[in-house]
Amino acid sequence: MPKQTFFNLPEKKRQHLINAAEEEFARVPLHEASIANIVKSAGIPRGSFYQYFENKEDIYFYLLKEETDARRIKFFQKLEEHDGDIINAVTDFYYEFLVELPDDREFDFLKNALLHVTHKIEDAFTAAFKGKHDTGFFNEVIEMIDKDRLNTKNDTEIYHMLQIVIAVVFRNFVEKFSKELSDDEAIEHFTIEMNLLKNGLYKN
């Protein structure tokens, strides 16, 4: 995470550095990215970069966290809009995520991340939507979710249901980029899988 010196910068200078980093991570995946390119684009000395971040991984995962934090807020908005229907909320969330990526730099940044997934990158993507039973996220979901719609017996089963949904969401994001699916194709695949979860795999 950024050092305090980064947050002490004027907003314009902070954003300029963030834009330069996002531009580099949109150009190439993390392991190929260069601090030299970031500082050149930002117009700052290399030494100044290390006053703000430990290394390129530090600023990369800061950017990723900013993305997922924003998506987490959207997720709760969708859950509220759909009166606690988790499947409809997640489906709407997935659709809106795709149509809200008109910015080429943001699109390429996320594409590079998902095409070169490591365990740490996956954790960063899903961290905003995961949690143990005592975390704020899980407790907030429990409060908002319409449990009467679910075939679950207790909070433990709801927790594991959420992990399944999160896994499906993440896999579909990866598939969207790795198979270069159109938005319509990606949404169609995702909707099929969400409906399978919603309706169950076994006949009654």
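Which helix holds both Lys 65 and Asp 69, and how many residues apart are they? I found both in helix 5, 4 residues apart, about one turn of the helix. Helices here are DSSP runs (H or I, at least four residues), numbered from the N terminus.

I noted that this is a predicted model, where local features need pLDDT of at least 70, side-chain atom pairs count only at pLDDT 80 or more, and totals for chains, interfaces and linings use all residues. Residues are numbered from 1 along each chain as its sequence is written, and side-chain values use heavy atoms, with hydrogens and water left out.

**Salt bridges.** I used this rule: a side-chain nitrogen of Lys or Arg within 4 Å of a carboxyl oxygen of Asp or Glu. The whole structure has 17 of them. Lys 65 and Asp 69 form one at 2.7 Å, N to O. Arg 71 and Glu 67, also in helix 5 and 4 residues apart, form one at 3.6 Å. Both Arg 71 and Glu 67 are buried (under 20% relative accessible area with a 1.4 Å probe, protein chains only; exposed is over 50%, partly exposed in between). Lys 65 is partly exposed at 38%.

I then looked up Glu 193 and Arg 171, whose side chains meet at 2.2 Å, N to O. Glu 193 lies in helix 11 and Arg 171 in helix 10, so this pair ties together parts 22 residues apart in sequence.

**Network.** I also listed a network of salt bridges that links Lys 74, Lys 78, Glu 81, Asp 92 and Glu 96.

Methods:
Helix = DSSP H or I, 4+ residues; strand = E, 2+ residues; numbered from the N terminus.
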